[in-house]
Amino acid sequence: PPGPYGLPVIGYLLSAAGFSDGSEQQKFKQKYGDIASVQLGSDLQIWLNSADLIKEAFVNNASEFSHRPYSLFRQSFKFQDDIISIPFDDEWKKSKKFLATILKNCGFGSGSLDVKVLSETDALIFRLEKQQKVAGDEGISLDEPLRWIAANLICQIIHSNHYEEDDPELKQLLAMSKGLFTFDLTKTMLMEALPYWLARRIFRSDINEISNRPLGLRNFLRKKITEHEATRTPGEPRDFIDAYLDEKAGPNLNYTKLIDNCIMFLPDSLDTLPLAIEWLVLYVARFPHIQTILHKELDDIVGRAREPQLKDKAKLNYLEACMLETYRLANIFPGLIPHTVRRNVWLAGYTIPRGASIHGNTIAINLDPNVFPNPLEFRPERHLDANGNFKPSEHVIPFGVGPRSCPGQPLSNVEIFLVASKLFQKLQFNFPLNQ
Ligand code: HEM
C-alpha cells in the first residue's frame, strides 16, 4: 500500500513522535486514501483508514486478519495465554466463548447488573455532592469517583467484593491497576520497531519495570482465588472466579491463566470505561444548551420520581447521540489493538505481508470531514434522523468489529448508559468559575 517514504533501515521512525497526538494518522487518510503503509524500523504498519475497509478485513476476512502481531511491550508483562495476546486459533475461540459465557452469567447483559449499576450510581452521586459542598467554586475531579464506581462493578463480577469509598483494599487495587498498560507511545513504537535483540538491550530497564507491574495484582487475585476455593459451592458460581473454577476444576487447572485473564479485564474496566463517562460529562458541561436538551429528554421520558432503566434506552435518543458523539470526538480507544496476518493476504488490491501490524485508523475516520462535517465540533444532532430518532453510525467503532472486538461491550453499554442517565437525571454539571 502507498505510504510515506522513509530513510533506509529506520524508515519513518524519526516521525514516531507525531503519532502520539494523532496528526500523522490523519495525514495517512488525507494523502493515501483508505489504506496506507508505513515502515517504522522493522515494523511494517498497515493503516486501514475507512470503517468499510476495517470491516472488510476484520469481519469479512476475519480468519486471516484476526491474529495479534508480536509485541515486545505486551510480551514484557509475561502474561500466560491471555485473551488479548493469544493467536486466533481454535484455542482462542474456545477461550473467548468460554469467557463471554461466564461473564454473561456473572452479570454482563443480565438484569442483575442494572440493579448493581444503579445502586453504585446512587453512592457516586452522594459522594460527588459531598465533595462539591466542600470544594465550592473550586470544582471537583470526576476521575477518581468514576474509577471507584467502575472498580466496584468489575470487582463484584470477578470476585464478589463490594467496597466503601475509603476501603484500603480498593485503594490498593486502584493504585496497582492505574497505568498498568500505559507507556510512552514513542518509546513503545521504538520498542516494536527495533530488531528484537537490540530493543531488549536498549529497553532492558523498561522491560523489567513492565514485567514487575502485574505482580501486586497477581498476589491480590491469588488471595481471592484461595478464599474462593475455601468457600465456594461447586455448581453454584457467585462470580467469575467461581465459574472459572467450576469449569476448569481438576488437575489441569492453571491458576496463572485464571489470574491473567482477570487482569485483562482491569485496564478497560478501570480506565477506558470511566474515561468515556468522564468525557461525556465534560462535553455536556461545556455546552449548556446540550445539557438543557438532555435534562428535558430525561424529564419527559423518565421523570424525576423513578430510576432510569435499560428499557428507556430506546427512547432516550439524545442521550444515545451524546454518547456516540463522545466516542467519536474523544477517540476513546484510538487505533484499536493491532491485528496481523500469518501469510501474505490481498486487501483492497494490495498485498498485506505476513507479520505486518494492522491498525484501524479510528482517529482519521472519526475526524473525517467528508463523513462528519465540522468534525471538531461536539454535535450530537449528527446522530439523529429528521424525526429526532437515534441513528447509529457505521463509522464510529470504538469497540472494534469482528470476532476480535471487545467482549466488554455489553457491560460498557449498560454501565455507561445507566450511570450517565442517572447522573444527568439528578445533577447539573458546570465548569468551575474561570475554567
Ligand atoms: C468504553 C469502554 C471500552 C472500549 C471503548 C473498549 C474498546 C476495545 C477495543 C477497541 C478492543 C480491541 C478490538 C480489536 O482488537 O479490534 C478491545 C478489546 C478487548 N476489551 Fe475492551 N473496551 C471497553 C471496555 C472493556 C471492558 C469493560 C472489558 C472487560 C470487562 C474489556 C475487555 C476487553 C478484552 C478482554 C479485549 C481483547 C479481546 C480479544 O483480543 O479478543 N473492554 N476493547
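I began with asparagine 331, which sits in the loop between H16 and strand S3 (339–340). The model is predicted. I read a phi near 50° for asparagine 331, a positive value in a residue other than glycine. I then checked its accessibility: at a relative accessible area of 13%, asparagine 331 is buried, because the cut-off for buried is under 20%.

I looked up lysine 78 as well, whose phi is near 60°, positive in a residue other than glycine. I located lysine 78 in the loop between helix H4 (72–75) and helix H5 (90–105). Lysine 78 has 61% relative accessibility and counts as exposed.

Next I turned to H16 (residues 317–330) and its contact with H14 (residues 255–286). I found that their axes come within 9 Å and cross at roughly 105°, so I noted H14 and H16 as roughly perpendicular to each other. From H14, Ala276, Trp279, Leu280 and Tyr283 take part; they meet Cys322, Met323, Thr326, Tyr327, Leu329 and Ala330 of H16. I sorted the residues of this contact into nine nonpolar, one polar and no charged.

Last, I looked at the iron atom of the ligand. Its protein donors are Asp268 (OD) and Cys406 (SG), lying 2.3 Å from the iron atom. The six donor atoms subtend angles of 81 to 178°, so I recorded the arrangement as octahedral. Aspartate 268 belongs to helix H14 and cysteine 406 to the loop between helix H17 (362–366) and helix H18 (409–426), so the pair ties together parts 138 residues apart in sequence. I logged aspartate 268 as partly exposed at 32% relative accessible area, and cysteine 406 as partly exposed at 22%.

How values were computed: Residues numbered from 1 in each chain as written. Predicted model: local features only at pLDDT ≥ 70, side-chain atom pairs only at ≥ 80, totals over all residues. Heavy atoms only, no water. Axes fitted to C-alpha atoms, helices over the stretch in contact; angles between N-to-C directions. Helix = DSSP H or I, 4+ residues; strand = E, 2+ residues; numbered from the N terminus. Parallel < 35°, antiparallel > 145°, perpendicular 65-115°, else oblique. Contact = heavy atoms within 4.5 Å. Nonpolar A, V, L, I, M, F, W, Y, C, P; charged D, E, K, R; others polar. Donors = N, O, S within 2.8 Å, 3.2 Å for Na, K, Ca; no water. Tetrahedral: all angles 85-135°; square planar, octahedral: opposite > 155°, others 65-115°. Buried < 20%, exposed > 50% of the residue type's maximum accessible area, 1.4 Å probe, protein only.
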